[in-house]
Structure formats: structure tokens, C-alpha cells
Amino acid sequence: MTSDALAPTAATAPRIGFVSLGCPKALTDSELILTQLGAEGYATSKTFEGADLVIVNTCGFIDDAVKESLDAIAEALAANGRVIVTGCLGAKAGEGGANLVRQMHPSVLAVTGPHATQEVMDAVHRHVPRPHDPFVDLVPAQGVKLTPKHYAYLKISEGCNHRCTFCIIPSLRGDLVSRPVGDVLSEARRLFEAGVKELLVISQDTSAYGVDVKYRTGFWDGRPVKTRMLELCEQLGAMADPFGAWVRLHYVYPYPHVDEIVPLMAAARVLPYLDVPFQHAHPDVLRRMKRPASGQKNLDRLQRWRELCPEIVVRSTFIAGFPGETEGQFQYLLDFMREAQIDRAGCFAYSPVDGASANALPGALPAEVREERRARFMAVAEEVSAAKLQRRIGATMQVLVDAALALGRNGGVGRSYADAPEIDGSVRLLPPEKASKQLRVGEFTRARIVGAQGHDLVAVPV
């Protein structure tokens with residue numbers, strides 16, 4: 001996405017073009033950079049042509065993302081000529097071990113890896129000197145955000161200790177580094193006070209929060225708080241309550257201690273929603289992936305979660321066509337999907353990412369087989385999801401309004417607790433039956449579910 005998040009502070013303020021690509025973790029890196037740019041008096045430009053330079057925050061995880069990032073850099077260079085590259089692609093090596101971005105686009109001004117705000121700012125200072133003193137000029141307390149005002153991502157850690165064979169994230173972002181719990185909670189409070197109604201907790205591995213610091217005790221508001229997932233969720237839930245806000249958990253590995261979080265969901269302290277990247281179900285495939293647990297253990301865990309909180313919604317991602325995956329092992333995955341009843345599922349055809357150790361595994365499958373299995377998986381996943389959506393017809397649900405023209409007289413679009421922004425479905429809101437009923441973006445409404453269309457629900461505000 002391109003950004004016009006910073007208003008110019010003066011007619012002569014240097015203008016920075018900005019493109020943010022990739023996952024929500026990259027988005028929070030972009031927000032940190034934009035916040036610092038705003039603190040130092042830089043403005044953003046809606047166009048590349050009107051900018052003094054352009055920053056491109058890239059993704060380098062799969063081949064399509066690499067191509068998109070390289071294309072964005074090329075576009076910025078063609079339109080502006082002065083480009084700083086940051087993000088995961090900036091840390092990726094090309095042929096001979098040299099920097100890939102430098103090989104493909106040698107005229108860029110600077111290249112950094114991910115979560116490198118200071119390095120980016122140093123490059124900006126070299127090419128467009130800072131306009132004024134950051135200690136004098138102010139930005140909003142919550143910083144600059146690229147999301148709508150009513151929801152925001154809260155990144156609690158960086159990096160990952162896993163060494164999944166299909167993934168290169170640890171080589172790009174390093175090992176797990178948990179943010180101090182006091183810093184995380186202080187940022188959360190600023191976001192709620194700024195009007196955020198949905199806080200999306202993200203990391204590479206949310207369940208592992210605090211492992212790197214041995215769950216040491218930190219302090220917030222003068223009180224001791226352990227740097228651990230359970231205590232963090234307890235504090236976030238208590239903080240969100242007076243604001244009537246949601247707390248949603250993403251990137252949760254299915255460790256046994258996640259069971260401790262589910263009672264908080266049953267008690268409506270955090271949303272009964274878990275984003276759990278299972279990736280596969282067959283034990284042999286999971287072993288080759290170097291993934292924890294097994295399909296049967298995950299089925300047992302899902303059953304336990306649903307016993308503790310019947311309303312829980314589980315979303316997950318899977319990989320089809322992993323090297324060595326047999327037709328029988330793929331059928332095992334499809335059987336798992338039907339038995340597990342995953343509410344929301346996405347699937348990638350295996351992509352041989354440069355630098356991933358899985359590329360050296362025997363049994364690589366042709367691209368057409370990988371794509372065919374992905375399509376078959378999605379057919380099963382959509383069948384499960386559609387049946388679950390049908391069962392919601394007749395229920396009344398709380399919906400967070402994302403879009404509503406003319407105060408919703410013609411209806412609008414929102415999301416229930418079962419729908420994370422950008423990745424899940426939505427709730428299409430019909431015009432209210434009562435003329436006095438209004439819909440406002442960023443506010444909640446009650447809505448009666450009257451139908452389902454594809455991945456979405458249809459509802460009437462009540």
C-alpha cells in the first residue's frame with residue numbers, strides 16, 4: 001500500500017513516498033518508520049513523482065512476494081529515481097551471496113533488512129536532511145498507523161526460534177526477541193485511548209512470547225507482570241473491557257499452554273478466535289517440515305478448546321504439495337480438515353523459497369500437482385466453512401462496522417468476532433429495518449444473520 005499518513009507540517013517539509021508490502025508484521029515496521037518520519041517533520045507524498053525520495057518496505061518470503069517487491073522498487077525508481085529499500089527482501093541474498101536487491105536494482109540509495117527503523121532513518125537523513133528537532137514536534141501518542149482508526153496491530157515480539165524447513169523467516173528476522181511487557185501494555189493503552197476498537201496481537205510466534213527472557217517479571221503501572229502469553233492476555237483483556245474493545249490473537253502455535261488462554265475467551269476477556277498455523281496433519285510430512293505436534297494431537301487440542309469454549313473460531317494455514325508428500329498423506333490432510341472442522345482455512349501450494357532447507361528434500365512434486373492439491377484442499381475447506389456459516393443463520397451477533405455510507409441508510413460492511421480484517425470473510429449489512437438506526441464506521445452494532453454468501457454472512461442491523 002502507498003501511504004499519505006503524515007500531514008505536511010510546513011510548505012517546505014521534505015516529502016517521502018512510502019510503499020508497504022507483506023504481512024502485518026511488516027506493516028507495523030512501516031508504522032514505526034512513518035511515526036519517526038512524522039516526529040522529525042517529514043511529510044508523505046501521495047505520488048512518487050512529488051516525493052523527495054521513496055521508501056519501499058518489502059516482503060521476501062515466497063516467489064510471488066519477491067516479484068511484487070522487485071516490481072514495486074522498479075516502479076518507484078522509474079517514477080522518482082531516489083529509493084530506499086527495507087524489509088525482508090532487503091536481507092535476502094542473490095547469486096554468489098551478494099544482496100539480491102542490489103543485484104536487481106543497483107541504483108537504489110540504501111538497502112536494509114526488516115525491523116530497521118534507525119537504519120532507514122539514517123539513510124533518509126543522508127539523502128534528505130531532517131527538517132527540524134524531533135523533541136519539539138509532536139505526532140499522535142499512538143504513533144502513525146496505516147490501518148483504519150478503529151483497529152490496529154500490536155506486535156509483541158520479533159523473530160522466531162523455530163527452524164521450519166519451508167521457511168526463511170529466522171534468517172531474515174533472527175531469533176525470537178520479546179518486547180518488554182510494560183512497553184507492549186503501554187502501547188496497547190495508547191491505542192485504546194486513541195479510539196481503537198480491535199487490537200490484533202501479532203508476532204512470528206505469539207505462543208512463545210517471553211521464552212527468550214525466561215518469562216521474566218516486568219512492570220506496568222507499578223505492578224509486576226510476567227512476560228508470558230497468559231499474563232499478557234489477562235492484562236490486555238482487562239484493559240480492553242472499559243473501552244468495549246476486542247482483543248484478537250494471531251500466529252498462535254498449538255502448544256499445551258494455549259489451553260490456559262481459552263478460559264479467557266469463554267469469559268469474553270479476549271475474542272474466542274485463534275489463528276493457528278497447523279501447516280499439515282500427517283506426522284511424516286510434519287516431521288519433514290520440522291513442525292511441532294501431529295494431526296492427532298491437534299485434533300485432541302481442538303476438541304479440548306471447544307469443550308472449554310464452544311464459540312471458539314479457529315483459522316489456519318496449510319501447505320499442499322510439500323516435497324515427498326504422497327497422495328495418501330494428502331488424503332490424510334483432507335480427512336483431518338473434515339474432522340477438525342477448521343472454520344477458516346487458507347492453503348498455499350508449496351513454493352521452493354530460495355534458502356529454505358526443504359528444497360533439498362527428496363520427492364519434489366511438479367508445480368501442476370502442487371496446484372491441483374491446493375485446489376482440492378480449498379474445495380474441502382470451503383465446504384466446511386460454508387456449512388459452519390449456514391449454522392449462524394438466525395443468530396444475532398455483534399458486528400464491528402468497517403464501512404457505511406450515509407450513516408448506513410443503504411447498509412454497510414462489518415465483521416463479527418469470527419472475522420479478522422483482510423484475511424477472513426465479512427458481514428454484509430443490509431439497510432436497517434428501523435429508520436432511526438444508524439451505522440458508524442468504527443462502532444459496534446447488533447445484527448441478525450439472515451443469509452450466507454461464499455465466505456461472508458448477510459445480516460440486518462437490529
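Tutor: Gladly! Setting aside neighbours within four places in sequence, E443 is in contact with V399, L400 and V401. Keep in mind that this is a predicted model.

Student: What makes these count as contacts of E443?

Tutor: Contact means heavy atoms within 4.5 Å, and V399, L400 and V401 meet that for E443. The C-alpha atoms of E443 and V399 are separated by 8.4 Å, although the two residues are 44 residues apart along the chain.

Student: Where is E443 found, and why is it called partly exposed?

Tutor: E443 sits in the loop between β18 (427-429) and β19 (444-453). Buried means under 20% relative accessible area and exposed means over 50%. E443 has 42% relative accessibility, so it counts as partly exposed.

Student: Why is S30 called buried?

Tutor: The cut-off for buried is under 20%, and S30 has a relative accessible area of 0%, so S30 is buried. This residue lies in helix α1 (residues 24-39). Not counting residues up to four places away in sequence, S30 touches F18, S20, N57 and L146.

Student: How do you know how many disulfides the structure holds?

Tutor: A disulfide needs a pair of cysteine sulfur atoms within 2.5 Å, and the structure holds zero disulfides. C160 is in none, as its nearest cysteine sulfur, that of C164, is 6.3 Å away. For C233, the closest cysteine sulfur is in C309 at 13 Å, which is too far for a bond.

Student: Are C160 and C233 buried or exposed?

Tutor: C160 counts as buried because its relative accessibility is 7%. C233 counts as buried because its relative accessibility is 3%.

Student: How do you know that the length of α10 agrees with that of a helix?

Tutor: Helix α10 (residues 295-308) has 14 residues, and at 1.5 Å a residue it should span 20 Å. The end C-alpha atoms of α10 are 20 Å apart, so the two values agree.

Student: Which residues of α10 are buried, and how do you know that they are on the same side?

Tutor: The buried residues of α10 are G295, N298, L299, R301, L302 and W305. They cover an arc of only 165° around the axis, which puts them on the same side of α10. The face turned away from that buried side carries the exposed residues K297 and E307.

Student: What do the buried residues of α10 pack against?

Tutor: Their partners are α8 (262-266), β13 (273-275), α9 (283-289), β14 (313-320) and α11 (327-340).

Student: What makes β14 largely enclosed by the rest of the structure?

Tutor: Seven of the eight residues of β14 are buried, so the rest of the structure largely encloses this strand.

Student: How do you know that β14 pairs with β13 and with β15?

Tutor: Pairing requires at least two bridges between the strands. Three bridges join β13 to β14, and these run parallel; D275, for example, has R315 in β14 as its bridge partner. Six bridges join β14 to strand β15 (residues 344-349), also running parallel. There, I319 stands opposite F348 in β15. The chain crosses from β14 through α11 to β15, and this β-α-β crossover is right-handed.

Student: What makes β9 largely enclosed, and which way do its residues point?

Tutor: Five of the five residues of strand β9 (residues 198-202) are buried, so the rest of the structure largely encloses β9. E198, L200 and I202 point one way and L199 and V201 the other way, and all are buried. In a regular strand, side chains alternate between the two faces of the sheet.

Student: Which strands pair with β9?

Tutor: Strand β6 (residues 151-155) pairs with β9 in the parallel sense over five bridges, where A152 has L199 as its partner. Strand β12 (residues 246-249) pairs with β9 in the parallel sense over four bridges, and E198 has W246 as its partner in β12.

Student: Why are β2 and β5 called edge strands?

Tutor: Five strands form an open sheet in the order β2-β1-β3-β4-β5, with parallel pairing. The edge strands β2 (43-44) and β5 (110-111) each pair on one side only.

Definitions and conventions:
Residues numbered from 1 in each chain as written. Predicted model: local features only at pLDDT ≥ 70, side-chain atom pairs only at ≥ 80, totals over all residues. Heavy atoms only, no water. Helix = DSSP H or I, 4+ residues; strand = E, 2+ residues; numbered from the N terminus. Expected span 1.5 Å × (residues − 1). Buried < 20%, exposed > 50% of the residue type's maximum accessible area, 1.4 Å probe, protein only. Arc of directions from axis to C-beta. Right-handed = clockwise from strand over helix to strand, strands pointing away.
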